[in-house]
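Q: I have a structure open and would like to go through it piece by piece. Can we start with the strands and then move on to the helices?

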Amino acid sequence: MPKFDIVKRTKIWFIISLCVIVPGIFSMCTQGFNLGIDFTGGTIIELRFQKEVTLADVRGVLREYSLDNSTIQFSGDAANAEAAPTVMVRSVDLEEEERKAVMASLRQQLGDYDVLREEKVGATMGAELIMNALWALALSWVMIVLYVSYRFEFRFGVSSIMALVHDILIVLSVFSLTQRPIDSSFVAALLTIVGYSINDTIVIFDRIRENLKLHFRRGGDICALVNTSIYQTLTRSIYTVCTVLFTTFALYWFGGDTTKDFSFALLVGFFAGCYSSIFIASPIWVVLRNFSEKRRRAGSAAAAK
């Protein structure tokens with residue numbers, strides 16, 4: 001048996017997670033989330049400058065007004081160019097005075113321009129789309145429970161879903177506490193995190209199942225078996241998460257401003273997914289199994305009287 005008993009310290013792992021989730025839930029209930037323009041709507045401004053400008057130039061001007069998280073892109077055929085004269089900015093809904101100040105700063109710092117379009121738009125991710133995404137996520141969790149229950153057992157399915165809920169809550173808590181903006185890419189990040197986390201969890205559960213068949217006798221030490229199974233897959237889990245984290249960190253560090261929140265969500269979610277696969281999912285399965293065994297023994301004792 002490994003010297004460091006992971007399952008024996010189950011309460012410690014749960015407390016560590018609660019130290020993030022509980023303040024996060026409190027933050028969600030009090031200050032909520034910093035919803036981006038995909039959820040709240042905003043203002044679209046399309047400008048044609050007399051000279052070519054870069055996206056970094058435009059974002060630098062908007063940063064003075066705390067609008068650097070706006071969606072900024074070139075229009076037309078120059079969408080993938082490094083510099084172009086025609087720029088489209090999608091920002092939060094601006095008041096008239098603030099809009100005039102931004103336009104004046106753009107003219108002063110980047111040169112004269114012609115206004116091609118200026119309008120207010122609604123949210124691209126309406127309530128119906130959000131509800132459909134939630135229903136799709138719930139349906140995927142039900143299918144995961146059914147498949148894992150069929151492939152392994154029902155307790156494995158419940159444990160895997162609880163680990164996924166843990167990962168989602170961690171990401172939501174961090175974004176609420178830090179008030180980082182949430183847009184449509186955040187939804188894509190959550191779905192990516194779910195897919196990664198369940199894959200890592202299934203690898204450990206598969207090893208537990210194999211060891212149960214080959215090396216476990218009734219009445220044996222289930223904690224020792226789970227610890228052994230975790231350590232047998234630990235190297236693979238560490239290599240996998242490090243590879244993914246290195247790549248995602250490179251995207252966060254070297255990518256543009258528009259990808260930073262997306263890659264930050266992935267960084268938090270992948271780390272939480274690795275943590276939950278090792279320290280949350282398997283201990284939850286042990287807790288559920290011990291609870292079932294206690295109920296079974298209690299039922300047998302009651303029947304024998």
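Q: Which residue stands opposite T43 in strand 4?
A: T43 stands opposite S91 there. Helices (H or I, at least four residues) and strands (E, at least two) are DSSP runs, numbered from the N terminus. Before going on: this is a predicted model, where local features need pLDDT of at least 70, side-chain atom pairs count only at pLDDT 80 or more, and totals for chains, interfaces and linings use all residues. Residues are numbered from 1 along each chain as its sequence is written, and side-chain values use heavy atoms, with hydrogens and water left out.

Q: How many bridges join strand 2 to strand 4?
A: Eight, and the two strands run antiparallel. Strand 2 covers residues 42-54. Two strands pair if DSSP finds at least two bridges between them.

Q: What is the strand order in the sheet?
A: The order is 3-4-2-5, in an open sheet of four strands with antiparallel pairing. Strand 3 and strand 5 (113-121) each have a single partner strand, so they stand at the edges and one side of each is left without a neighbour in the sheet. From one strand to the next, the twist averages 20°.

Q: And which way do the side chains of strand 3 point?
A: They alternate along residues 71-74. Buried means under 20% relative accessible area, exposed over 50%, partly exposed in between (1.4 Å probe, protein chains only). The bridge partner of I72 in strand 4 is V89.

Q: Which helix packs on the sheet and touches strand 2, strand 3 and strand 4?
A: Helix 3 (residues 55-63) does, and its direction makes about 130° with that of strand 2. Helix 4 (residues 96-110) lies across strand 2 and strand 5, at about 10° to strand 2. Axes are lines fitted to C-alpha atoms, for helices over the stretch in contact, and angles run from 0 to 180 degrees between N-to-C directions.

Q: New topic. How many residues has the largest nonpolar core?
A: It has 56, and W141, V171, F186, I208, V226 and W285 have the most contacts inside it. A nonpolar core is a set of buried Ala, Val, Leu, Ile, Met, Phe, Trp, Tyr and Cys residues joined through side-chain atoms within 4.5 Å. The largest share of this core, 16 residues, comes from helix 9.

Q: What does V171 touch?
A: Not counting residues up to four places away in sequence, V171 touches F186, L190, I193, A265, V268 and G269. Contact means heavy atoms within 4.5 Å.

Q: Is S276 buried or exposed?
A: S276 is buried, because its relative accessible area is 0%. Its place is in helix 9 (residues 257-304).

Q: What does the side chain of S276 make a polar contact with?
A: With the side chain of D167, at 2.9 Å. The S276 side chain also reaches the backbone oxygen of G273 at 3.0 Å. A polar contact is a pair of N or O atoms within 3.5 Å; within protein, one must be able to donate a hydrogen and the other to accept it, and residues adjacent in sequence count only if both atoms are side-chain atoms.

Q: Last one: where does L137 lie?
A: L137 lies in helix 5. L137 touches L191 and V194, leaving out residues up to four places away in sequence. L137 and L191 are 54 residues apart in sequence, but 7.9 Å apart in space, C-alpha to C-alpha.
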